[in-house]
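Dear colleague,

I am handing over the structure that we spoke about, and the sequence and coordinates are shown just below. Please have them open while you read the notes that follow.

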Amino acid sequence: MTDIGTTTDTSTAPSRLPLYALAPGIFAPLLALTKAAKKDLDPALVELLLIRASQLNRCAYCLDMHITDARKAGESEQRIALLNAWEEVPGLYTERERAALALTEAVTVLTDGFVPDAVYERAAAHFEDAELARLIALITAINCWNRLNVAARIPVGWDFGGNSRAQG
């Protein structure tokens, strides 16, 4: 991890480890989980959650991809730019989105070692059980993508052997 205030340019840096080439069985199942989790969820909400988890995990590869995808899904520049401070702008995100963002943060960070009941209940009030199950699976999947990509230092724009922009 770099110190606050310093940056590391990874846009042209090679990957630390060709993870997906060395462990080819990882990519397809994780992609399948991600696609299954997205099923029947609002694409714009999905991208907001994927961006927020990727912000928390500092995954530049996924941030670049999901910000691009959020724009394609109709997200405004303002909502994308302020996502890191979503709690400070209550009128910008719906209560449903805010509940999903809180769940994303709780599952991603696990500060207390668990997802607090209040956060879970807030999300459960806005999503049906099947949606909630897919949200949790989606948040888990992006955290896996983030951790793999950050650990291997997958650079922004990296092409996974023709699979670029396919994950998450």
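Predicted model: local features only at pLDDT ≥ 70, side-chain atom pairs only at ≥ 80, totals over all residues.

For the chain as a whole, buried residues make up 40% of the 168 residues. Among the contacts between residues at least 6 apart in sequence, 71% join residues that are at least 24 apart.

I looked first at helix H2, which covers residues 27-38. Its 12 residues reach 17 Å from the first C-alpha to the last, which is close to the 16 Å expected at 1.5 Å a residue. Which residues of H2 are buried? They are Phe27, Leu30, Leu31, Thr34 and Ala37, and, seen down the axis of H2, these buried residues fall within an arc of 125°, so they line one face of the helix. In general, an α-helix has 3.6 residues a turn, so residues three or four places apart point the same way. The partners against which the buried residues of H2 pack are helix H1 (19-22) and helix H8 (129-152). After H2 comes Asp40, whose phi is positive, near 70°.

On the side of H3 the contact is made by Leu45, Leu48, Leu49, Arg52, Ala53, Leu56 and Asn57, while H6 contributes Glu97, Ala100, Leu101, Thr104, Glu105, Thr108 and Val109. Sorted by class, the contact of H3 with H6 has eight nonpolar, three polar and three charged residues.

Why does Ser54 count as buried? Its relative accessibility is 0%, and buried means under 20% relative accessible area, so Ser54 belongs among the buried residues. If residues up to four places away in sequence are not counted, Ser54 touches Cys59, Cys62, Leu63, Ile142 and Asn146.

Conventions
Residues numbered from 1 in each chain as written. Heavy atoms only, no water. Contact = heavy atoms within 4.5 Å. Helix = DSSP H or I, 4+ residues; strand = E, 2+ residues; numbered from the N terminus. Nonpolar A, V, L, I, M, F, W, Y, C, P; charged D, E, K, R; others polar. Expected span 1.5 Å × (residues − 1). Buried < 20%, exposed > 50% of the residue type's maximum accessible area, 1.4 Å probe, protein only. Arc of directions from axis to C-beta.
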